[in-house]
Amino acid sequence: MPSRSHEIPLRLIQNRPETVAVLLREALGYPVPSHTEAVLTSPALTNCDPKEWNADGAVLLRDGERHVLAVVVERQHRPSTEKRFSWPAYLVTLYGRLRCPAVLVVLCPDRPSAAWCAGPIEIGHPGFVLRPLVIGPEQTPVITDPDRARELPELTVLSAHAHGDHDGRVLKALVEALDSAGETNRPFYYDYVLAGLNEAARKELEGLMSVETYEWQSDFARKYVGLGEEQGRKQGRAEGREQGREEGIASSVLRILHKRGLTVTDDVRTRINSCGDLDTLNTWLDRALDITRTEDLFD
């Protein structure tokens, strides 16, 4: 089952696809083409064998109706020989499907995984060498400007997770980002950053969240911090963990169905992703391993 540390960076991009364009430009120096919108596109990359390749995520940049750049997004924690074969397939299949330039971006939590992922992949065809575009902690943009944090809360969450241990400015920016993030995402984002910080940074962030040091205006503050510092933090973290478990299990159910070659319609995907009951999701997870038809998942 994918871990929360794997899923949350991908969820940040799902919540705001434009984050990919900012990461390409600022973390990697990639010349992002002019575009009017960034939208999610299907990460299911199927060839005619029929084998289904499923990337962690995919984003499409468009300029009006014209496709200008497709981005395969992967989250990788450790070396995996299998990725040397699947990553080129993801990229070429997306290129062929959307008929526009395509790049592979790999998000890594640490320097060793980033170094491995950045290694060239020799395809065999002369001149055809895939060099993944890798973003580790060192490449993640440092967001300290309050206005920018409010404009790009998901990127600010990535920034705080990568740099919060040694730069208190990004934690202050995170407070601004949480204040502008959607109500559903606020405790989820906060819990993700808090869990990745060292003890000193964790205490600093918790202090910033206190009503004594920050004049909160958002519903998030009134709901959690307004309860009192300790009680509010506990409730916010508990709800964030609960939501994270539900979303992680739903993602795992869909991934298993895809890996087993079962058809997943939009209605099925919506029903799974919208389920908020942990017992039901766990039941579906068990069934996904054995069923031969997707319809049997809900019987």
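## Exercises: cavities, cores and confidence

The structure holds 2 cavities of 30 Å³ or more. The model is predicted.

**Exercise 1.** Find which residues line the second largest cavity, and classify them.

*Solution.*
- Start with the volume: about 30 Å³ of space lies in this second largest cavity.
- List the lining: Ile13, Val20, Leu23, Val73, Val105, Leu107 and Ile135.
- Assign elements. Helix 2 (18-28) and strand 6 (102-107) each give two or more residues to this lining.
- Classify. The lining has 7 nonpolar residues, no polar and no charged.

**Exercise 2.** Identify the residues that touch the most other members of the largest nonpolar core, then trace the contacts of Leu171.

*Solution.*
- Count the core: it has 48 residues.
- Pick out those touching the most other members: Leu24, Leu61, Val71, Leu171, Val193 and Leu205.
- Find the main contributor. Helix 7 (residues 168-180) supplies the largest share, 7 residues.
- Trace Leu171. Leaving out residues up to four places away in sequence, Leu171 touches Ala160, Gly164, Leu197, Ala201, Glu204, Leu205 and Leu208.
- Look beyond this core. Another core, of 23 residues, lies apart from the largest one; its members include Leu94, Cys100, Leu104 and Val106.

**Exercise 3.** Decide where confidence in the protein chain is lowest and where it is highest.

*Solution.*
- Take the overall figure: mean pLDDT is 83, and 83% of residues reach 70 or more.
- Compare elements. Helix 10 (residues 219-223) is lowest, at a mean of 47; strand 9 (residues 133-135) is highest, at 97.
- Check residues 211-222. Their pLDDT is below 50, and the stretch has 29 contacts in the model beyond near neighbours in sequence.
- Check residues 224-234. Here pLDDT stays under 50, with 18 contacts beyond four places in sequence.

Terms used
Residues numbered from 1 in each chain as written. Predicted model: local features only at pLDDT ≥ 70, side-chain atom pairs only at ≥ 80, totals over all residues. Heavy atoms only, no water. Core = buried A, V, L, I, M, F, W, Y, C linked by side-chain atoms within 4.5 Å. Buried < 20%, exposed > 50% of the residue type's maximum accessible area, 1.4 Å probe, protein only. Helix = DSSP H or I, 4+ residues; strand = E, 2+ residues; numbered from the N terminus. Contact = heavy atoms within 4.5 Å. 1 Å grid on protein atoms, 1.4 Å probe; cavity = no way out; pocket = protein on both sides within 12 Å on 5 of 7 lines; lining within 4 Å. Points joined across faces, edges and corners; volume = space filled by probe spheres on them. Nonpolar A, V, L, I, M, F, W, Y, C, P; charged D, E, K, R; others polar. pLDDT = per-residue confidence, 0-100.
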